[in-house]
Amino acid sequence: MNSTTIDPEQGGTNGVEVEAEATGIGGTLSADQAAATAETNELPITDNNAEDDGDNDKGISLQELIYGASSFHAVVKPVSITMILAALSVIYINTEETKAAGEQALDQTYQVFSISEEQNAATSLGLGLVNALIIVCVIGGMTFLLV
């Protein structure tokens, strides 16, 4: 890692040594480029090793900014690819037959008591509420076990 001292009279950071070498999507940022960026950057540059006296709210350092941007780009690429592939698979893999089979399987899975047309309204309502209560209890129990 390269290090250089920036002259405070040239608009630097009061003689604080800047150690910057970051690699990522944009390439490598050398110490000279970091010094040039520090002079033109709108965000205030702070010393990472400064004492924290509670009033040190000057901003973020150049290294933190570069690290944050690199981390963002490292996460965005695989997440975007996954989202695109999932959307394409839903559009092109699902057919009317697979949708109907999925609906029938879900209907049979989540109904403990079947409700028919021959039952009166009170019985249908009671069985529907019991089915709903069972589903809520299963989801709550699974959530409790996972957490």
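Helices here are DSSP runs of H or I with at least four residues, numbered from the N terminus. With that in hand, welcome to a short tour of this predicted model.

**View 1. Ser124 sits in helix H4.** Helix H4 covers residues 121-146, and Ser124 is found within this stretch. The relative accessible area of Ser124 is 19%, and because buried means under 20%, Ser124 counts as buried. Leaving aside residues up to four places away in sequence, Ser124 touches Ile115, Ser116 and Gln119.

**View 2. Ile81 belongs to helix H2.** Look for Ile81 in helix H2, which takes in residues 62-93. Ile81 has a relative accessible area of 45%, so it is partly exposed, a class that lies between the 20% and 50% limits.

**View 3. The whole chain puts the close-ups in context.** Four strands and four helices make up the elements of the chain. Starting at the N terminus, you can follow them in the order β-β-β-β-α-α-α-α. The chain has 147 residues, of which 12% count as buried; Ser124 is buried. About 11600 Å² of the chain is accessible surface, and carbon and sulfur atoms account for 59% of that area. As for contacts between residues at least 6 apart in sequence, 26% join residues at least 24 apart.

Definitions and conventions. Residues numbered from 1 in each chain as written. Predicted model: local features only at pLDDT ≥ 70, side-chain atom pairs only at ≥ 80, totals over all residues. Heavy atoms only, no water. Helix = DSSP H or I, 4+ residues; strand = E, 2+ residues; numbered from the N terminus. Buried < 20%, exposed > 50% of the residue type's maximum accessible area, 1.4 Å probe, protein only. Contact = heavy atoms within 4.5 Å. Areas by Shrake-Rupley, 256 points an atom, 1.4 Å probe, with all protein chains shown as cover.
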